[in-house]
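Here are a few notes to read alongside the model, written for someone meeting it for the first time. Please keep the view open and follow along point by point.

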Amino acid sequence: MGPKAKISRLSNDSLGTLTARIIHNIDASTVVEVKTADFYDLTVAVYERYRTATTKGEKKKDDAIKVEFQNRKDIFGDIRKYLQGLQISPDEDTKTSANKVYTELTRFGRDFVNTKTADQSYIYSQIIAGLKKTELSADIQTVKLSAKVAQLETAHRNYEEQYMQWGDFKKAALPASKLRSEVESALKNLIDEMDWLIRKSPSEALKNLHTSIYARIDELNLSNNKNKPDETSDTKAGSENAA
């Protein structure tokens, strides 16, 4: 099997690893004609886009957003339950303040947490602004909720920042699978160019670099093949079991 066919058989992650190793080999060499080759520059450029493309990273960012979303919801729920308890306090000042703060907290109802996420964000921002009104500051102090309101505000801000970063990330990044064909094409053309250069002027340094790059391709293919199930063994085991 030739080097191009071996490249085509690699997984997305292995293709990225191979490209990085080939670039490293060329950068570490003294072969100027390869370093200045058109397809080398193209390989470096497409690898940078491939490296930063979103595959697993997108899920991680999505998971982080969900954590912040739930954290904000939990803090809001804690405040609501806490105020419900204070509404039956034997202390009249505490009860009065709890009722006032609770009214502000729930002025959009209690089921808004089941609406669209964008609607929820708007409502949370309105609730936080309401709780921070000057006329409620004394009541917030009375029911000892200053720290908790600050936590709610921080959780809301963290969620909004994570969500906007995720939007920017999705818009700017391309899935690695969409770039795979570009990476493959650049590598294969680079190999063709090196083959042509070695036929044109087979210097010792170029021969060594050529051998090294072919070794990188073989290494990854050998590694991939080792991780694949042994179909012959499976078939043999199945035959023995059947017997």
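1. Let us begin with a pair of helices. Helix 6 passes helix 7 in a right-handed crossing; a crossing is right-handed if the near helix is turned clockwise from the far one by less than a right angle, and left-handed if anticlockwise. The axes of helix 6 (residues 92–105) and helix 7 (residues 117–131) come within 9 Å and cross at roughly 155°. That angle makes helix 6 roughly antiparallel to helix 7. Angles under 35 degrees count as roughly parallel, over 145 as roughly antiparallel, 65 to 115 as roughly perpendicular and the rest as oblique. Axes here are lines fitted to C-alpha atoms, for helices over the stretch in contact, with angles from 0 to 180 degrees between N-to-C directions. On the helix 6 side, Val101, Glu104 and Leu105 meet Ile127, Gly130 and Leu131 of helix 7, where contact means heavy atoms within 4.5 Å.

2. A word on what you are looking at. This is a predicted model, in which local features need pLDDT of at least 70 and side-chain atom pairs count only at pLDDT 80 or more, while totals for chains, interfaces and linings use all residues. Residues are numbered from 1 along each chain as its sequence is written, and side-chain values use heavy atoms, with hydrogens and water left out.

3. Now the overall picture. The protein has 12 helices and zero strands; helices (H or I, at least four residues) and strands (E, at least two) are DSSP runs, numbered from the N terminus. Of its 243 residues, 37% are buried, meaning under 20% relative accessible area, with exposed over 50% and partly exposed in between (1.4 Å probe, protein chains only). Among contacts with a separation of 6 or more, 76% are between residues 24 or more positions apart. The accessible surface is about 14,300 Å², and carbon and sulfur atoms hold 52% of that surface.

4. An α-helix has 3.6 residues a turn, so residues three or four places apart point the same way.

5. How does helix 2 meet helix 4 (residues 38–52)? Their axes come within 10 Å and cross at roughly 140°. This angle makes helix 2 oblique to helix 4. The crossing of helix 2 past helix 4 is left-handed.

6. Asn12 lies in helix 2 and counts as partly exposed, at 28% relative accessibility. Its C-alpha atom is separated by 9.6 Å from that of Tyr50, 38 residues apart along the chain. Ile22, also in helix 2, is buried, with a relative accessible area of 1%. Leaving aside neighbours within four places in sequence, Ile22 is in contact with Leu187, Leu190 and Ile213. The C-alpha atoms of Ile22 and Ser212 are separated by 8.5 Å, though these residues are 190 apart along the chain.

7. Finally, please look around helix 8. Gln141 is found in helix 8 and is exposed, with a relative accessible area of 54%. Gln141 and Ser97 are 44 residues apart along the chain, and their C-alpha atoms are separated by 9.0 Å. Is Lys144 buried or exposed? Lys144 is exposed, with a relative accessible area of 68%. This lysine sits in the loop between helix 8 (137–142) and helix 9 (146–172). Phi of Lys144 is near 55°, a positive value in a residue other than glycine.

Key: Areas by Shrake-Rupley, 256 points an atom, 1.4 Å probe, with all protein chains shown as cover.
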